[in-house]
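Student: Could we go through this one together, one question at a time?
Tutor: Happy to, so let us open it up.

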Amino acid sequence: MPLLEVEHIHTYYGHIHALKGVSLTVEKGEIVTLIGGNGAGKTTTLRTISGMLKPREGRVKLNDEDLGKFKANEIVYKGIAMVPEGRGVFARLTVKENLEMGAFSLKSREQLNRNMERIFSLFPRLRDRRSQIAGTLSGGEQQMLATGRALMASPNILLMDEPSMGLAPVLVELIFDTIQQINKEGVTILLVEQNALMALGIAHRGYVMQTGEIVLNDSAEKLRTNSMIQKAYLGME
Amino acid sequence: MDSPSSSPWKQPLQAGVIAGAVSVLLSLVGMVATFKDRFIISGVFSMGQVIFLAPILLMAYSLLRRTAPQSRQQVILSGLFTGLVGGVVLAALVVIGKNVDLQAMFVNSSPILHNILTFNQPLVPGLLILIAICMVMGVLASGIVLLPQRVATAIIQGVSWILLIGLMRDLIITVTSRWGPLAGLVRLFFANSGLKPLGAILLFALIAGLNYWRSGRPAPVVKPAQTKERPLIYYAKWIGLGVLLLLLPPILGIFFSDILDTVFMYILMGIGLNIVVGFAGLLDLGYVAFFAIGAYTMGVLTSPELNADPMTYWQALPFAMIACVVSGMILGLPVLKMRGDYLAIVTLGFGEIVRLLALSDWLRPWFGGSQGIQLIAQPTIGNFVLNTQQELYYLFLLGVGIVAFIAWRLRDSRMGRTWMALREDEDVAIAMGINHVATKLMAFATGALFSGIAGTIFAAKLQSVYPHSMNFLVSINVLSLIIIGGMGSIPGVFVGSLVLMGSPELLREFAEYRYLVYGALLVVMMLTRPEGLWPDARRRLELHEEELEKEAQELADAESAATETTK
């Protein structure tokens, strides 16, 4: 039984039919990536999984439990955490306060402290800057903070929306190394990326989206060598 | 930027024209003439003169501060030239005013104004004096820039205090009149309006000297903030402040206690709105609605006019509080999905709806229509009725104390943090598991409650409520005082209320120009000190981002460099 199962979801923005029957599965312990161009519906898929958008048809299931009956703010209690597009750190709160907000869904203070310790060892830079206002961090540090904040909720699955956006290539590599490390520590990851080359480099499996539909799904390795993918997304002839 | 060498006169010319234009504007709206008899130094220097000379001094000063370090000569010349230009602009106003009839458009372009501007001299020598004095202002500004920091600060302090003391003459005389022999001593310094010249010189010497002496001492060693033990003086300060607050009404007398009541009433509302706008980031322009609901609930329940069996103040208070909390939620529900401008418009409408309902003939049997409600109960303690301004002050003080404490605790609580997260990014906050419905409703309800409490005391103080006291300007006043004090800052509310609500009452002549001054003050604040007079520590950090951003940029560069080398 897959950890996350998305079954034929149709999501609309008003009259716009944004997702036309998207289905995907994520097994426990995997890194699965969702790649595709602008406006393909990648972010919409993530927002539907996290409950911010409700699908008109289809279901999202976590551990075989239908998430349709939960509100957006209840989803995190089920074990799904989100690293939003554009990072979305709370600019006026300090780094430490941001992390504490990430643990909003936790019941115990001890676990909060334990998680924070873990995140500080994952991102030592955040420890140095813990009392700094988040809005004044550099782009790379903000991405670390957003990732750390999501991990504070001790999620089973982490949804990441374009973590490479707007970052220098060296920082992108750093972030992707961390994603792999987080995954090795047991967190399942669904990664949305435009940077297909990087994403397929670390993922186990991948889905390719085009105008609201999944057009291809295969292991990351096969996708990397697929000629259509190479042409459309990897810039190879 | 123009380099000073390419056109050394351009910037002073600009500054002079702007300063002159501001002075002309202040003259034409009538402020100069209104304040002509309000002397700072009796017979020598009036508030009217301050009003048209201050822009020139301030403009020259800010220009000289802004420009790169120049030679002594250049600074003095720039100051002089700024003053000259400003003076010429003002002189032009007089010349035009004397020859063309401006009064059709500008009522205040009268001989009275011209006499003030020419210092009661004939036209030509008067204009020369005016220009000369403006130039002196420019030179003064350059003097402040050139003098050593310590001397300059002492002089600025001295002048500001003289201005303040001169203006507050009536308050000081009233307060000290009961101090026996001391009253006579204080009286020696003052004339019928403002300070006596000799008194002013003495006071200036005293204040400037004291300041100079103090700034010369080594700065006290600041203890690190982590130490839990507070020095005794810390508590002594707070206790002293508490005792002073308790003693104020008998010291100040009825008239000034009344002003203090108004100030405290606005502090109550300000603390409430600060939760909604400052903490939770929900712009509420109809805040007066809750004030009205508090006041009207008190009125409806306690007035024998509308009620066969009227309640007492204390019996009605819980009902008024419940009414406010419920109405806060009623406003909150429909606007849950709205942000920014849309929210502001809807709340604005809500405020008007409440006022119009109170005014309507349809609801007249319950709310009294335009006649309002009279004979509202006053609070009692045992058999003692709190009915004078001085006694009601204690009720306001109690209310402010409780409300400020609650707001302060809320800010540092989990709820406070949640409000801030919601203000920063609603979607992300929801993804963290925050229930935005409950959180927003809580903010609206708390804000409404505090405002409603202010409303009940207001109703009890006047023993009547009318729909016309519930107008939109109350909301704007509260919002302005929060902005001026510092968004999200609790001490800022106190400062803002004192400045915006207190000072116009003390300077009666200002009342006419209240909103002009508000507007100007808000613009100047936004340009020069957007974090407010007493900002929240967090906000101060954020608004001085330029420096921090630069630092972050450097960090980022170092970061990429470091990552590069590890590769």
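What follows is a set of questions and answers on a predicted model.

Student: Is Met198(A) buried or exposed?
Tutor: Start with its place: Met198(A) is found in helix H8 (residues 196-202) of chain A. Leaving aside residues up to four places away in sequence, Met198(A) touches Ser164(A), Val172(A), Phe176(A) and Glu193(A). A residue needs 20 or more other C-beta atoms within 10 Å to pass the cut-off. Because Met198(A) has 21 C-beta neighbours inside 10 Å, it counts as buried.

Student: Which helix of chain B do the buried residues of H3(A) pack against?
Tutor: Helix H3 (residues 95-102) of chain A is largely enclosed by the rest of the structure, because six of its eight residues are buried. Those residues are Val95(A), Asn98(A), Leu99(A), Glu100(A), Met101(A) and Gly102(A). In chain A they pack against helix H4 (109-122), helix H5 (124-128) and helix H6 (139-151), and in chain B against helix H17 (414-424).

Student: Why does Asn63(A) count as partly exposed?
Tutor: Asn63(A) sits in the loop between strand E4 (57-62) and strand E5 (65-66) of chain A. Its phi is near 50°, a positive value in a residue other than glycine. Buried calls for 20 or more other C-beta atoms within 10 Å and exposed for 12 or fewer. Asn63(A) is partly exposed because the number of other C-beta atoms within 10 Å is 15.

Student: And where in chain B is Phe119(B)?
Tutor: Phe119(B) is not a glycine, yet its phi is positive, about 55°. With 13 other C-beta atoms within 10 Å, Phe119(B) is partly exposed. Its place is the loop between helix H5 (111-117) and helix H6 (123-146) of chain B.

Student: Which element supplies the largest share of the side of domain 1 of chain B that touches domain 2 of chain B?
Tutor: Chain B is assigned domain 1 (7-146), domain 2 (150-216) and domain 3 (252-546). The contact between domain 1 and domain 2 of chain B takes ten residues from domain 1 and 15 residues from domain 2. On the domain 1 side, strand E1 (39-41) and helix H3 (47-66) of chain B each supply at least two residues. The largest share, three residues, comes from E1(B).

Student: Last one: is the crossing of H13(B) and H19(B) left-handed or right-handed?
Tutor: The axes of helix H13 (residues 313-332) and helix H19 (residues 436-462) of chain B come within 7 Å and cross at roughly 145°. The residues of the contact of H13(B) with H19(B) divide into 15 nonpolar, seven polar and one charged. As for its hand, the crossing of H13(B) and H19(B) is right-handed.

Technical notes
Residues numbered from 1 in each chain as written. Chains lettered and ligands numbered in written order. Predicted model: local features only at pLDDT ≥ 70, side-chain atom pairs only at ≥ 80, totals over all residues. Domains from an automatic or database assignment. Contact = placed C-beta atoms within 7 Å. Helix = DSSP H or I, 4+ residues; strand = E, 2+ residues; numbered from the N terminus. Axes fitted to C-alpha atoms, helices over the stretch in contact; angles between N-to-C directions. Left-handed = near helix turned anticlockwise from the far one by under 90°. Nonpolar A, V, L, I, M, F, W, Y, C, P; charged D, E, K, R; others polar.
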